[in-house]
Structure formats: C-alpha cells, structure tokens
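Trainee: Could we go through this structure together? I would like to begin with the charged side chains.

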Amino acid sequence: MKKLTSWLVLWSVLIISPAWGQSASDALRRDIDFARSKVYPALVNISVVAQQYSGGRTRRAPGAGSGVIVSAGGHILTNFHVAGHTTRITCTLPNGERIGADVVAHDALTDLSVLKLRLEERTTSTEPLPFATLGNSDALSVGDYVLAMGNPLTLSSSLTLGVVSNTKRVFTDFTGTEISNQDLPEGERTGVFTRWIQHDALILPGNSGGPLVNLRGEVVGINELGGSGVGFAIPSNLTAKVLNQVMTFGEVRRGWIGVSVLPVEKLGEDRGALISSVVSGSPADKAGLMAGDRIVGMGDQPVNVRFFEEVPVFYQSIAEMVPNKPVRFRYVRDGEEHRTDVHVVRMERFVGDQHEIRELGLTVREITGPMALVRRMPTQDGVLVTGIRPGYPFEEARPRVRGGDIIVSFGGAPTPDIDSFFKAYESAKAKDDEEVEVALEFLRRDESLFTSVKLGEEEQSPRGGELPNAWLGAKTQVMTPAVAKAIGLEGRRGFRVTEVYPWTQAKAAGLQIGDVIVAVDDEELDSYRQQDTQDLRRAIEDFSIGEHIEFDIIRGGKEMALTIEMEETPAPSVKAKKEVQKDFEFAVREITFMDRVRYKFDKDQKGLLVIDSVSGGWANIAGLRVQDLIMRINDEEVGSIEDFKRVTEKLLEHRPSVVTIFVQRGHRTHFVFMEPVWNQVKRAN
Amino acid sequence: MKNCFLTCAALALLLVAPASLRASDFAGILDKTAPAIVTVKVVLKMEISMMGQAQNEESRSEMPGVVVDSSGLIMISNAEISSDRMQEALAGAGLPGQVDLKVTPNDFKVIFGNEEKEHAAFLVATDTKLDLAFLQVENTEGLTMTPVSFADAPKAAVGQSLVSISRLKKGYDYAPYFTTGRISGAIKKPRKAWIVDGSIGSYGLPVFSEDGAVLGVLVTLTPTTTEASDGAGIGMLMRMMRGAGGNDGPVGTFILPAKIANRVIEQSKTKAAELRKEHAEKKAAEGDAGAGG
C-alpha cells in the first residue's frame with residue numbers, strides 16, 4: 001500500500017509539474033536568450049570619478065553604473081545621477097574594451113545623460129559597434145515580462161527577470177496629496193515629466209542607467225531607482241524624446257510657463273487642471289493666470305488632470321510647446337471661463353554650476369534666472385556661496401561669510417556672475433603673493449554687508465617648538481625583585497638595559513643589553529616596582545644636553561662605571577620637516593631616527609612618510625594611505641622634502657597622465673597609480 | 001629708668017610681634033616684583049575633531065607671565081596655550097581617544113604693567129612635561145626689564161612660608177597683588193617638586209620665600225598613573241577646572257624647584273637667540289630676492 005501511494009505521488013508530481021510547464025519555461029528561456037542577445041553586446045559598465053562640493057572644497061570619489069549604447073556612433077544612455085557631476089568617464093564594453101566617453105548632454109529633470117564614446121580610442125577591435133534599439137514603452141502592459149540588465153563590475157553582467165507591475169507610476173508624499181519629486185544631490189529636481197515603469201526585476205546598485213528590456217530585445221526603459229524587490233525605469237518613449245533633442249540640438253529644449261498644478265478630483269470636477277501655484281514674473285503670471293484657476297484647454301487640446309498620474313503628462317505638453325509662440329489658454333475662474341495668451345519661454349536651467357576657488361577655501365554657485373525667481377532673490381546678479389573651508393582665507397573674514405550669502409562685489413569690482421568673480425579675484429591678488437586685504441560686499445537676505453579677506457602669504461613669525469630633553473639611547477626595564485632574582489642580583493634595585501639603539505652616545509660609550517643601571521650621577525635609583533618604570537628617564541631629563549654623566553652599572557656580576565654624554569631626544573615626528581602637497585592633497589614628512597629604529601630602516605634608507613591623505617583627494621582615491629613610505633615618484637627617489645618639492649613641481653609642469661608612486665606599505669612594497677584630471681588640479685592662471 | 005622702660009617695652013613688643021611677615025614686607029615684595037609680572041594675550045585656535053568631523057574655534061585669551069631675562073624672554077604656563085595637559089588628563093582618565101583636541105596659539109602680545117601698548121612676541125619654546133612655555137618680545141626698545149632670576153635659588157623646606165605675585169586682568173587695570181601659602185609636602189615622582197597649601201599664585205609665575213628669594217615656579221604635573229577612583233564624568237571635569245587647585249584630580253598643582261626652571265630658561269634663552277638670527281637671515285634673503293627680482 002505504501003509503495004503504491006509513493007508511486008502515485010511520484011507520478012502525480014511528474015504529471016502536474018508541467019510537461020505543459022516545461023515547454024512554457026523553455027519558451028521563456030528562449031525569449032530571454034533572444035532579448036539578451038540583442039542588448040547584451042551594447043551594455044556598458046560606466047566608471048566615473050564623481051565630484052561633489054562639500055565643506056568649501058571639492059571631494060572626489062569613484063563611482064560606477066551601467067549604460068546602453070544606442071547608436072552606431074557610440075551614443076550611450078545612462079542616468080544623470082551616474083554621469084552628472086563627474087570629471088572622468090570610462091566605459092567598458094562587454095568585449096573588454098575600455099574607452100573614455102564624453103558627455104553630450106545632461107537632463108537632470110529626467111535623470112538621463114547622453115554620452116558619446118571616444119571611438120578613436122578603440123585600439124583592440126575594428127568590429128562595428130553594437131547598439132540596442134528603443135522600443136515603444138506605451139505598448140507595455142502590466143504583467144509583461146521584462147529584463148533588467150546591468151553591468152555593475154567591469155566584465156560581469158547581471159540580468160534579472162520580472163514583470164511590469166505598473167506602467168504609469170508617480171510618487172506622491174505619504175499623505176497622497178502632493179507629487180513628491182526627487183531631488184538630486186545638487187538640488188536639481190527630477191522626475192517632473194516621468195511616469196515610471198514599475199517592475200519587480202531585481203535592481204542592484206550597479207544597475208543604475210542600465211536598460212529595461214522586453215522579450216523582443218527592445219529597450220523599453222532605463223532603470224533609475226530600485227531596491228526591496230521593486231524597480232523603476234524611465235520609459236523609453238520619454239527617453240527617446242530626450243535622446244532626439246540631444247542628437248539634434250545638443251541639449252534638451254523645453255518650454256516653460258511657470259505653473260504648478262494639482263488634479264481636479266478633489267474639486268468634484270472632471271475636467272481641467274487646478275493651478276496650485278504661479279511663479280511671480282513668469283509667463284503665466286504675465287498672462288494673468290492665478291492659483292485657483294482651473295485650466296481647461298491649452299492650444300487646441302482639452303486639459304484633463306483628474307489623477308496624479310496625469311500631472312507629468314500635463315507638464316510634458318507644456319515642455320513641448322515652442323518658446324516665443326503664444327499659446328491660447330482657456331481657464332475657469334469663479335465659475336466663468338476665460339481666455340488668455342501665454343507667451344511660453346524657454347525653460348532655463350534651474351541649478352547653476354558650482355566652482356571651487358581652492359586658495360580662498362570657497363565654493364560658489366552661479367545664480368540662474370529661475371533660481372533667482374523661485375528663491376525670491378533680489379537680483380540674479382552675484383555668486384552664491386555654497387561652502388567655506390576651515391583654515392583658509394575666507395574662513396578668517398570678519399564679519400563671517402556663510403553658505404547662502406551672495407557675493408556681489410570683490411575688491412571693488414562687481415561680480416554679477418562667475419566669470420566676473422574670477423576676474424575680480426585675479427586682479428585683487430597682489431603681484432608677488434604679498435599679503436593684501438580685499439574688501440567684498442555680500443547680501444544676506446535683506447542685508448547688504450561688507451567684510452574683508454586676507455590674500456597672499458601670511459607674515460610668518462618665527463616659532464619654536466618643544467624643548468629637547470637629555471636622552472639615553474637605550475630601552476630599559478625596571479628590575480623588580482623577581483627580575484633581580486632571575487639574573488642573580490637579588491636585593492638590588494635599578495634598571496636592566498633591554499635594547500641599545502644604534503648610532504647613539506649610549507652605544508658609543510659601550511652600554512650593552514643586560515647591563516643593570518643602579519645609580520646615575522651618584523644618585524642611587526630606588527626603582528623596583530612597575531610604577532617606577534619612568535624613574536630613569538626622568539632622572540636623565542633633568543640633565544643638560546652635552547653633560548657627561550656617570551652611570552654605575554653591573555655587568556656580569558661586576559660593578560663598573562660608564563660615562564655617557566647626554567644627547568638630545570631624537571627629533572620626534574612632530575618636529576620632522578613636513579610638506580603639505582595642496583594640489584594632489586596629501587602630506588608627507590621626513591623620517592626620523594625613531595622611524596628607522598621602529599621599521600628597521602637602514603641608516604641610509606630614503607623615503608618620506610605619508611601623514612595625511614585627504615579623503616576624496618587625488619592621492620587618496622588612487623589608494624595612497626597614511627603611513628605609506630614613499631620611496632620613488634615616477635622613478636625618482638625622494639628622501640627629503642627638497643626632493644619632494646622638486647619632483648612635484650616637475651609633475652605639475654609636465655602633467656603626465658599617470659603618476660607612479662612606489663611605496664613601502666608594512667613589510668611589502670606597492671605601486672600607487674595616481675591619475676589626476678589636470679585641469680581640475682590647479683585653477684589655471 | 002625711662003630708657004630701660006622704653007627698651008624693655010620695645011623688647012617686649014618685639015617678643016610679642018608674630019614671627020611671620022609684617023604688612024610692610026609683603027608690600028615690599030609686591031613692589032619689587034610687580035614690574036616683572038606681565039600680561040600675555042594670545043589668539044587660541046582650537047580644533048576639536050571627533051570621529052572624522054572637525055570644528056574650528058578661535059578665541060582670545062589673557063594670562064600673566066614673568067620676565068626671566070633682560071632680553072625680553074617671558075615665561076608662562078604651557079597649559080594656558082596648549083591642550084597637552086588636558087589631553088593627558090583625558091587620556092589618564094581613560095576617556096576614549098575619539099576626541100582630538102588641538103590648540104594652536106597665534107599672535108602673541110605682551111603688556112607691561114598697565115600700559116596701553118601691546119608688544120608683539122613669538123613663541124620660543126615649550127616644555128610640556130614641566131608645563132612651561134617661553135615667549136620672546138620682538139622689540140624691547142624703550143622698555144626697562146626687571147627680570148626675575150631663577151639661578152642661585154636657596155633650598156626650600158617643608159613648612160616654609162611662600163609669597164607669590166600675580167596681576168588681575170584688563171578689567172581691573174592689571175592690578176598687581178600677592179598671595180600666600182606654605183610648602184605642605186614634597187613629591188619625588190613624577191619628579192622632585194613641592195606640594196603647596198593655600199590659594200597661592202598663578203601658574204607659570206614665580207613663588208618666593210618670606211625674604212623675597214625665588215624658590216620655584218607654580219606648575220601642573222601629570223601623575224605617573226591615574227587610578228580608577230579618579231573616574232570620568234562630571235566630577236572629573238569639575239576637578240579639572242582650574243582654580244580648584246586640589247591635587248585629587250587628574251593633574252595636580254606643585255612648585256617646580258627654581259634650579260629645574262633655570263635649566264629650561266637657559267635653554268630657551270639660547271633658542272630665542274637662534275630663532276631671532278634665523279628669522280633675520282630669512283628676511284634678509286627675501287629682501288635681496290625682492291630687490292634683485
């Protein structure tokens with residue numbers, strides 16, 4: 001009976017687990033393979049050096065994402081949050097080719113960037129470039145299979161399978177009463193025109209910018225967000241619009257009128273769009289539109305925004321209006337329908353670029369027209385302070401300048417924009433780096449304030465350091481009763497020598513390991529407990545450097561005296577000559593006697609110890625670490641700060657693409673390859 | 001008869017008068033030493049870094065100092081211009097080393113007596129262990145120096161009475177005043193020094209015997225080890241605050257014997273001369289370059 005049941009179970013499992021299912025899964029597998037074959041060859045890994053402005057300086061960090069080649073000419077689609085704010089972009093093709101890429105255009109509003117491969121850099125292959133085709137995202141239905149492809153590391157590719165969960169996803173805040181747009185790190189708004197394709201193909205961090213592919217092998221979306229089993233892709237139809245604009249104009253051009261709208265559902269109406277806000281001074285404002293009006297027609301099209309999902313479509317229609325051509329708007333106010341002509345203008349970039357002026361310790365941002373309008377700044381003239389770096393001239397200005405202030409003049413010259421600011425700074429600097437105090441005017445909300453900044457080298461007063469003490473070039477242990485007994489000196493007190501340093505007076509006088517010091521300068525050492533450990537050192541410190549002091553020691557059971565000249569404590573690391581390399585952002589110091597003893601360097605070992613590697617700086621992202629001993633830079637030995645200065649000056653002059661730093665790290669040696677982007681390293685004069 | 005009576009009365013008065021200093025003696029020491037006590041102003045730049053985040057603060061600080069050489073060498077307490085003592089105290093109390101406090105003194109100015117003029121000075125040397133720092137007034141033209149000499153100091157003894165001179169701050173027009181105390185004990189570790197009883201003195205300033213002879217200088221010394229009983233927390237912070245003067249905290253107040261102070265004073269004199277020479281040479285070199293270039 002048992003046997004029969006088990007056979008029955010077995011057969012039923014075999015029947016039910018689809019022979020039908022088997023061919024269905026085979027078919028799916030075939031479709032997946034097909035789709036993959038059409039897009040995989042065009043999938044690229046994008047690695048970048050990302051640049052962020054924070055704390056008054058630029059910080060760099062490596063970054064990575066995915067992209068897909070969409071033209072034979074090498075155009076790549078990816079996310080703006082992958083490729084925006086970067087200083088170097090390198091793409092790796094599936095066949096292993098590594099090629100640089102340039103930005104053609106960014107479109108933060110849709111979080112898309114279009115790059116172009118530097119095809120002239122292809123050296124290993126002459127095959128035509130593979131590229132993928134964009135499909136029709138409007139044809140997607142909930143339940144369709146989609147593949148998310150990405151290339152998180154250089155050669156590996158990931159592919160995940162899921163279904164479309166929602167074809168028109170928008171994000172509202174948690175109350176569901178307002179569309180919440182994403183804000184990118186620099187403050188750019190994004191997602192205004194996007195209705196995302198929500199799916200459940202697993203998105204991993206490296207997938208950003210990678211394609212969402214249907215089973216026909218067409219790219220139907222660009223993956224932008226994801227996590228926790230859900231992914232969101234920018235629909236290919238929106239992407240195609242952006243791509244076409246970029247390929248035609250080199251940028252995305254949009255119309256703008258200055259309204260924000262809400263769905264009319266809550267008003268109990270079924271047509272129109274409710275204006276929730278009008279930007280003061282905007283085309284809509286000038287045309288007489290007001291918050292509360294319900295737009296029912298634009299141009300010759302009716303307007304219907306009943307639900308939040310229809311808001312991005314509304315904005316997209318405005319974006320597609322041609323600037324400087326008036327558009328007839330029909331709207332309802334207080335129950336009556338009105339008409340007005342709105343003179344659509346070109347949508348300008350909202351967020352201005354940031355710039356760093358390193359010598360001042362300042363980062364500033366251009367003020368764009370929209371920024372000035374929306375933030376109700378009194379004027380567009382001026383540069384916006386975004387960060388002040390501690391320890392640099394701008395921090396010392398009194399009254400203080402803060403982030404959010406707008407600098408309107410520098411050294412007497414007006415600074416309505418970035419270029420005039422740089423010009424004013426250059427002319428305010430004195431000829432030969434002499435110190436000069438420069439006045440500047442800045443606005444803070446409704447106040448206009450004056451302050452001054454000191455430029456140039458500060459007059460350095462001489463400055464002394466810690467006074468050196470007399471020092472014995474040996475290590476000792478206090479002779480406890482146990483130790484004394486062990487070496488046959490029961491009842492005696494003092495210190496047993498455990499190490500004698502090379503090249504010292506102690507060594508020269510003949511002090512040896514095992515000697516027991518019982519008196520110094522005729523004063524007996526009453527030291528026999530652990531807490532007496534410092535007694536010898538303290539006794540010696542009271543002597544003057546150069547004095548000849550008699551040490552009573554016991555060696556091999558015999559009492560004898562050694563006269564040792566008191567020498568200076570070897571230069572501590574704090575006194576070693578150091579140099580801060582501001583361009584590559586790291587600092588080194590010369591190695592000291594104690595370093596040589598500790599690391600067992602030769603007396604003649606040359607090298608410089610890294611004492612600082614600024615996080616996000618060029619040396620740091622290349623992997624140079626604190627405590628590395630730099631022995632050679634681009635094959636030149638560096639032993640002294642003079643060597644170092646000389647070699648780095650040469651580097652700044654010749655600007656090699658790679659700087660090879662040979663270091664000792666622990667007990668191994670290592671090569672650190674620094675690849676600075678030279679026009680970022682020093683603000684060229 | 002009358003003479004005898006008078007003499008006897010005088011003798012009796014002498015016998016009855018207390019053996020300690022009379023008011024006029026105190027005043028005498030004050031008058032004699034006050035000119036050597038100066039006021040030092042400095043800008044302290046404090047950088048507190050905690051878990052990778054750094055914060056900068058700048059503030060002006062004022063403290064008394066003493067002229068120790070006619071060249072214009074001034075001695076002050078090192079703890080007033082550096083965070084070393086505080087860091088040692090924090091480390092000793094076993095607080096996690098996540099908090100890094102770096103104090104950089106800049107822009108020294110010295111005020112003699114209650115004059116208005118502020119004389120520029122530079123830092124010559126520090127001795128963190130002994131808690132002393134030395135400044136050199138850059139230009140001593142027109143100034144009369146009345147240095148306190150720490151050489152040839154007599155030996156001190158437990159029980160001995162002490163006098164110290166200090167100055168109040170600008171708000172009180174730098175008024176000089178004295179304080180008294182007694183040597184109440186001696187330590188051998190971490191080094192030889194006298195324990196002091198009474199609210200005597202300011203750190204970095206000399207301490208005198210009743211006869212006006214220099215005995216030493218008031219300093220803080222870090223103990224060899226910190227016991228668990230010292231503990232962290234409010235109690236420790238309160239004990240660490242200056243003015244408490246007690247020796248039950250992480251650092252204690254002691255009198256450093258004059259002989260030891262003299263050693264570092266001599267070292268600093270040499271160093272000051274060196275630095276001056278170096279600086280002058282450097283300026284001359286720059287001057288030449290400027291003229292030629």
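Predicted model: local features only at pLDDT ≥ 70, side-chain atom pairs only at ≥ 80, totals over all residues.

Trainee: How many salt bridges does the rule find across the interface of chain B and chain A?

Mentor: The rule finds 6 salt bridges across that interface. One salt bridge pairs A:Glu541 with B:Lys129, and their closest N and O atoms are 3.7 Å apart.

Trainee: What kinds of residues make up the side of chain B that touches chain A?

Mentor: They divide into 10 nonpolar, 9 polar and 10 charged residues. Between chain B and chain A, the count is 12 residue pairs in polar contact, with both residues at pLDDT 80 or more.

Trainee: How many residues are in contact on either side, and what area do the chains bury between them?

Mentor: On chain B, 29 residues are in contact with 28 residues of chain A. The two chains bury about 2300 Å² between them, and 40% of that area is on carbon and sulfur atoms. Three residues, B:Lys129, B:Lys189 and B:Arg263, supply 24% of the area that chain B buries against chain A, which is more than any other three residues supply.

Trainee: Let us change topic. How many salt bridges does the structure hold over all chains?

Mentor: The structure holds 45 salt bridges over all chains. Within chain A, one of them is formed by A:Glu579 and A:Lys645, whose closest N and O atoms are 3.9 Å apart. This pair links distant parts of the chain, with A:Glu579 in strand S38 (residues 578-581) and A:Lys645 in helix H15 (residues 641-654), 66 residues apart.

Trainee: Why does A:Glu579 count as partly exposed, and what about A:Lys645?

Mentor: The relative accessible area of A:Glu579 is 22%, so A:Glu579 is partly exposed. A:Lys645 is also partly exposed, because its relative accessibility is 41%. The range for that label lies between under 20%, which is buried, and over 50%, which is exposed.

Trainee: One last topic: why is helix H6 of chain A described as largely enclosed?

Mentor: Of the 9 residues of helix H6 (residues 311-319) of chain A, 7 are buried, so the helix is largely enclosed by the rest of the structure. Among the buried residues are A:Phe314, A:Tyr315 and A:Ile318.

Trainee: And what covers the buried residues of H6(A)?

Mentor: The cover includes helix H4 (236-249) of chain A, together with strand S15 (255-256), strand S16 (259-262), strand S17 (273-278) and strand S18 (294-298) of chain A.

Technical notes: Residues numbered from 1 in each chain as written. Chains lettered and ligands numbered in written order. Heavy atoms only, no water. Contact = heavy atoms within 4.5 Å. Buried area = accessible area lost by both parts, 1.4 Å probe. Salt bridge = Lys/Arg side-chain N within 4 Å of Asp/Glu carboxyl O. Polar contact = N/O pair within 3.5 Å; in protein donor to acceptor, adjacent residues only side chain to side chain. Nonpolar A, V, L, I, M, F, W, Y, C, P; charged D, E, K, R; others polar. Helix = DSSP H or I, 4+ residues; strand = E, 2+ residues; numbered from the N terminus. Buried < 20%, exposed > 50% of the residue type's maximum accessible area, 1.4 Å probe, protein only.
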